[in-house]
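The exercises below are meant to be worked through with the sequence and the coordinates side by side. Each task is followed by a solution in steps.

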Amino acid sequence: MVIVFNPVAGRRRAHLLWRVLDVLVANGVRLELAETCRAGHAESLALEAVKRGEPMVVAAGGDGTIAEVANGLMGTGARLGVIPLGTANVLAHELGLPFSPKAVAAALAFGRTTTLWPGIASSAQGDRLFVQMLGVGFDAHVVKRVSFPMKKLFGKGAYVLRSMSEVTRYSYPLIRVRLDEVETRASSVIVSKGRLYGGSFRLASDAIPGEPGFTVVLFDRTGPGAALMYGAALPLNLLGHAPGVRRIRANRVDFFGNEPVPAQADGDPAGCGVVSVTNAAAPIQVVVG
């Protein structure tokens, strides 16, 4: 079993990783720990592990690390394991993965899986796989401006603090988007594979992680007041039903005729100018216990 560890994302929770490893080793599981040292490194490490014949690669980190490892496993048939060490751990909450070290170790050892069908965001910079969601607009603007020291100090609270400081600075451009064949506009767009957002908060109740397609959440209201209203609705699990919020199912999402708008994928900055979102070529199997 190869465990790909992001020491940056998982620094605050490294003790949880060591406890999981202790349990696995005590039960005779052969382990190899590979640490990432740059963006995209987790994908390369996962692909190398599969080429050596590893049937499962474990991502130890946040949702961004999980997405990188998943990208390395696409089309190989290898299973994806998860040790959730990130700030929000949205995918772990989405799939009901365990968090306690003994339960995580037991799940990885047992190996029961569920299907996850990722999405692919395409831009001029290339393609990027995501496992939970892609955001375009204000939430991506906030993600871009949350520094690692802020996340280390405040955890998920860093996003709240940065949102409050950026709410009057963001320009809120309208985003033109085509959902399959239907064209529309919105202030912000979240293309979601799962029901949850920002941790365990409900956003897209009709999302189906294991099947092709997306639930696209469109935020019609614009400006600082609307952003504050949406932010207040999130921890109450009311965001998906807030005024000016639409949810539409689509198999393809195209962004066109827009000025460069920031994007985020699985909670990590994803540049500006996403052009399209499509289904990955095939699903992957995620170990759930």
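**Exercise 1.** Which residues in helix α2 (residues 41–51) are buried? State also what they pack against.

*Solution.* The model is a predicted one, and burial here stands for a relative accessible area under 20%. By that cut-off, the buried residues of α2 are His 41, Ala 42, Leu 45, Ala 46, Ala 49 and Val 50. Their packing partners are the strands β1 (2–5), β2 (32–35) and β3 (56–61), together with helix α3 (63–73). Following the chain just past α2, one reaches Gly 53, whose phi is positive, at about 100°.

**Exercise 2.** Describe how α1 (residues 14–26) and α5 (residues 101–110) cross.

*Solution.* Two packed helices are described by the angle and the distance between their axes. For α1 and α5, the axes come within 8 Å and cross at roughly 50°. The crossing is right-handed. On the α1 side, the contact involves Leu 16, Arg 19, Val 20, Val 23 and Leu 24, which meet Pro 101, Lys 102, Val 104, Ala 105 and Leu 108 of α5.

**Exercise 3.** In what order do the six strands of the open sheet stand, and which of them stand at the edges?

*Solution.* The order is β15-β14-β11-β8-β17-β18, with antiparallel pairing. Because β15 (245–250) and β18 (268–272) each have a single partner strand, they stand at the edges, and one side of each is left without a neighbour in the sheet. From one strand to the next, the twist averages 20°. Within the sheet, three bridges join β8 (residues 133–136) to β17 (residues 262–265), and Leu 134 stands opposite Ala 265 in β17.

Notes: Residues numbered from 1 in each chain as written. Predicted model: local features only at pLDDT ≥ 70, side-chain atom pairs only at ≥ 80, totals over all residues. Heavy atoms only, no water. Buried < 20%, exposed > 50% of the residue type's maximum accessible area, 1.4 Å probe, protein only. Helix = DSSP H or I, 4+ residues; strand = E, 2+ residues; numbered from the N terminus. Contact = heavy atoms within 4.5 Å. Pairing = 2+ DSSP bridges. Axes fitted to C-alpha atoms, helices over the stretch in contact; angles between N-to-C directions. Left-handed = near helix turned anticlockwise from the far one by under 90°.
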